[in-house]
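Visitor: Please show me the model, and then let us go through how its parts pack together.

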Amino acid sequence: MSLENQINADIKQAMLAKKKEELEALRAIKSAVLLLKTSPEVNANNGEISDAMELSLLQKLVKQRREAADIYVQQGRQDLADVEMGQAEVISRYLPKQMDRGEVEALLREIIAEVGATSPKDMGKVMGIATKRLAGKADNKMVSEIVKALLMQ
């Protein structure tokens with residue numbers, strides 16, 4: 001089942017269950033998918049949204065919600081931050097299972113050894129491979145932090 005069909009089905013379920021917060025997040029996903037369908041990159045792909053595009057879109061939506069929540073917390077608006085984090089949680093359900101920090105670190109150590117990286121100057125090489133292997137499985141910000149720490153040793 002495509003992401004769009006899954007979201008439409010989940011919207012119906014949320015409406016029947018009267019889950020307002022979940023419904024807002026699902027509608028945000030649907031809106032983003034519809035915008036993506038009209039973009040030039042999708043039109044060049046015969047109007048089909050690839051799995052990679054869907055994954056990228058969902059990651060972007062989660063990142064936006066988390067960044068907004070951080071800003072709200074800094075401004076002392078915990079009520080608004082909670083709404084954003086709730087939406088981020090709903091959107092995260094459609095992403096693949098995220099790897100924990102230990103798993104990511106182990107994989108990054110393998111990539112560093114494979115590439116032969118020895119200093120922070122080699123970070124670009126490592127990140128290039130890591131972002132491809134960890135696409136959708138780990139937050140790029142966390143990956144970057146771990147790579148920096150490992151290359152500083």
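Visitor: At what angle do the axes of H2 and H4 cross, and how are the two helices classed?

Guide: This is a predicted model, in which local features need pLDDT of at least 70 and side-chain atom pairs count only at pLDDT 80 or more, while totals for chains, interfaces and linings use all residues. Residues are numbered from 1 along each chain as its sequence is written, and side-chain values use heavy atoms, with hydrogens and water left out. The axes of H2 and H4 (lines fitted to C-alpha atoms over the stretch in contact, with angles from 0 to 180 degrees between N-to-C directions) come within 11 Å and cross at roughly 130°. Angles under 35 degrees count as roughly parallel, over 145 as roughly antiparallel, 65 to 115 as roughly perpendicular and the rest as oblique, so H2 and H4 are oblique.

Visitor: Which residues of H4 make the contact with H2?

Guide: Contact means heavy atoms within 4.5 Å. H2 contributes Ala28, Ile29, Ala32, Val33 and Leu36. From H4 come Met53, Leu57, Leu58, Leu61 and Arg65.

Visitor: Which helices do the buried residues of H5 pack against?

Guide: Buried residues in H5 include Ala81, Glu84, Val90 and Ile91. The buried residues of this helix pack against H2 and H4.

Visitor: Is serine 144 buried or exposed, and which residues does it contact beyond its sequence neighbours?

Guide: Serine 144 lies in helix H8, residues 140-152. Its relative accessibility is 18%, so serine 144 counts as buried. Leaving aside neighbours within four places in sequence, its contacts are Met123 and Met127.

Visitor: What is the relative accessible area of lysine 18?

Guide: Lysine 18 is in the loop between H1 and H2. Although not a glycine, lysine 18 has a positive phi of about 55°. Lysine 18 is exposed, and its relative accessible area is 72%.

Notes. Helix = DSSP H or I, 4+ residues; strand = E, 2+ residues; numbered from the N terminus. Buried < 20%, exposed > 50% of the residue type's maximum accessible area, 1.4 Å probe, protein only.
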